[in-house]
Amino acid sequence: MINFTPIARTVMSRRVRASQRWSTLAGLEAAQRRVLAMLTERGAVTLFGREKGLCATDDYEAFRSMLPVTAYPELRPWVMRMIAGERDILWPGLCRRFAQSSGTSDGKSKYIPVTGDSLRLNHYAGAGDAVAHYLHNYPDSRMFAGKGFILGGSFANELDLAPGVRVGDLSANLIEGVSPLVNLFRVPPKEVALMKDWTEKVPALVEASCRENVTNISGVPSWFRTVIKEVIAARGARTIHDVWPNLEVFFHGGISMEPYRAEYASLTAPGKMRYVETYNASEGFFAIQDERVQSEPGAMLLLPDIGVFYEFVPLSECEDEQPAHAVPAWQVERGRVYALVITAANGLWRYPIGDTVRVVSVEPLRIVIAGRTRHFINAFGEEVMVYNTDAALARACEETGARALNYTVAPVFAEGGRRGRHQWLIEWAAAPADMAVFEEALDRALQSENSDYQAKRSGGIFLDRLTVATLAPGAFDRYLASTGKLGGQRKVPRLSNSRSVVEAILALENQ
């Protein structure tokens with residue numbers, strides 16, 4: 001195959017230059033104000049906009065005075081009208097694609113509009129920015145001398161839909177809507193990529209890819225690990241580079257890569273795999289890894305000019321229906337954790353997406369995904385976030401030689417004279433030789449990552465040392481299958497303040 005990488009690098013270099021323009025607060029503010037003006041101008045003509053009195057503006061204070069923060073239960077009736085085939089509801093025109101996301105507090109699935117504008121301005125643009133910065137950072141790249149393996153989900157419609165309307169994973173919408181030109185550089189074929197039954201899909205993915213010249217892969221680390229292992233087994237190889245010798249980069253997102261790094265090191269040839277983190281959610285594409293070596297694990301550059309306007313809500317107000325101290329991107333403070341609120345070209349207006357982010361730097365604005373607004377543990381005043389547990393697990397595995405595949409954590413509440421503690425459920429690629437030693441290392445690492453947890457553990461007065469329960473291989477997949485959410489973008493919550501998820505997993509394991 002002809003190496004098209006030099007052409008791609010030249011074409012995409014303009015996006016690297018654009019990021020330099022908004023690396024200052026003034027440039028960031030100018031970019032975000034332009035996006036806000038575009039969004040409000042388009043939104044003013046919609047049924048939602050007319051009802052709310054929305055008008056075109058680039059003034060943040062004026063904008064927030066027009067619209068309240070709008071959680072999904074308030075948006076649901078509008079979205080259902082869009083699914084039914086009505087035009088100009090939350091965004092101008094007719095929307096035929098919807099990303100099905102995890103349920104809200106009422107137990108129902110969320111359907112996120114995937115408009116033509118959100119695909120063009122945001123999702124595909126964000127993916128292009130990730131590639132542009134990668135090519136800039138690695139002049140020796142030949143990724144367009146072969147094909148990209150994009151691991152996606154499927155359409156699994158559960159509604160009576162208007163003709164032509166599709167509901168499914170975001171990745172399925174992205175794969176189906178992508179330019180035919182892109183299909184020349186990707187595997188597997190669309191009919192395989194969109195298969196619904198993963199027991200049939202994984203063998204089909206292996207067959208479609210194991211003899212291709214794959215140079216780059218994109219997907220969720222936990223699911224791609226399964227596919228890579230099956231490809232290696234099918235070819236009787238030792239590492240994935242024995243099958244795909246030109247594989248050079250993994251564009252990953254959805255969950256933190258940190259707990260999986262040791263496992264991927266065992267599946268790849270030393271020094272041959274690069275990793276690029278992306279922040280691409282059902283609600284939008286928000287950030288990319290722009291540095292060759294991240295300034296800290298998980299640090300990503302916020303993308304301010306691709307159809308999304310961002311607001312940041314202090315963590316102390318993330319449960320408030322109408323937070324009083326939300327700030328725009330150009331007013332965030334380094335080191336603080338915020339809940340993310342977006343307005344985007346898919347018709348989400350001042351919408352809390354459920355993620356928390358920590359600001360790593362402000363010029364340029366880089367963030368780390370801290371976790372979900374509801375996925376943290378504060379049962380004992382410890383305020384443990386996902387980025388704390390990811391980092392602690394990675395460190396404990398490094399110290400003990402263990403390799404974890406997946407995990408979830410929940411509190412065990414004080415009873416019978418025992419203090420409370422955290423219980424970890426872990427599925428292993430390589431279990432530690434001595435579980436007590438691992439538990440001690442993990443507890444020590446978590447204390448170093450979170451001072452509140454350290455304070456509660458001090459002297460063993462408030463909290464006992466955490467405990468770890470080992471799960472059988474495939475336990476998390478079996479749990480997801482039992483909930484009807486087994487697929488490439490579905491995942492078990494890392495942290496919870498209740499024991500509902502943990503108890504459900506343990507009940508399945510004890511059957």
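In the predicted model, strand β8 (residues 274-281) pairs with β9 in the antiparallel sense over four bridges. Within this pairing, N280 stands opposite F285 of β9. Both strands belong to an open sheet of 12 strands with mixed pairing, in the order β5-β3-β6-β7-β8-β9-β10-β15-β14-β13-β11-β12. The edges of the sheet are formed by β5 (186-187) and β12, each of which pairs on one side only. Strands of a sheet pair through backbone hydrogen bonds, in either the parallel or the antiparallel sense.

Strand β11 is mostly covered, with seven of its seven residues buried. In a regular strand, side chains alternate between the two faces of the sheet. In β11, V308, Y310, F312 and P314 point one way, F309, E311 and V313 point the other way, and all are buried. Seven bridges connect β11 to β13, and the two run antiparallel; V313 is placed opposite A339 of β13. With strand β12 (residues 327-328), β11 forms an antiparallel pairing over two bridges, in which V327 is the bridge partner of F312.

The structure contains 22 aromatic pairs. One of them, Y72 with Y351, is edge-to-face, with a centre-to-centre distance of 6.5 Å and an angle of 80° between the planes. This pair links distant parts of the chain, as Y72 belongs to helix α5 (residues 72-83) and Y351 to strand β14 (residues 351-362), 279 residues apart. Y72 has a relative accessible area of 3% and is therefore buried, the cut-off being under 20%. Y351 also counts as buried, at 1% relative accessibility. A further pair is made by F286 and Y310, whose ring centres lie 6.0 Å apart; with the planes at 80°, this pair is edge-to-face. Because F286 lies in strand β9 (residues 284-288) and Y310 in strand β11, the pair ties together parts that are 24 residues apart in sequence. The relative accessible area is 0% for F286, which is buried, and 0% for Y310, likewise buried.

Ring pairs also link F149, F224, W244, F250, Y264 and Y275 into a cluster. Over the face of Y275 lies R261, at 5.6 Å from the ring centre.

R350 is located in the loop between β13 and β14. Despite this loop position, R350 counts as buried, at 3% relative accessibility. Its contacts, apart from neighbours within four places in sequence, are Y60, F63, R64, L67, P68, V69, T70, E311, A326, V341, I342 and T343. Of these, E311 is one of the buried residues of β11.

Helix α2 (residues 25-43) comprises 19 residues and reaches 26 Å from its first C-alpha to its last, close to the 27 Å expected at 1.5 Å a residue. Its buried residues are G27, L28, A31, Q32, V35, L36, L39, T40 and G43. These pack against the helices α1 (5-21), α3 (47-52) and α4 (60-66), and against the strands β11 (308-314), β13 (337-344) and β15 (365-372).

In helix α17 (residues 475-482), the residues A475, F476, Y479 and L480 are buried. Viewed down the axis of α17, the buried residues fall within an arc of 135°, so they line one face of the helix. The elements covering them include β16 (403-412), β17 (421-430), β18 (467-471) and α18 (500-509).

Methods:
Residues numbered from 1 in each chain as written. Predicted model: local features only at pLDDT ≥ 70, side-chain atom pairs only at ≥ 80, totals over all residues. Heavy atoms only, no water. Expected span 1.5 Å × (residues − 1). Buried < 20%, exposed > 50% of the residue type's maximum accessible area, 1.4 Å probe, protein only. Contact = heavy atoms within 4.5 Å. Phe/Tyr/Trp six-rings, centres within 6.5 Å; stacked < 30°, edge-to-face > 60°. Lys NZ or Arg CZ within 6 Å of the ring centre and 35° of its normal. Arc of directions from axis to C-beta. Pairing = 2+ DSSP bridges.
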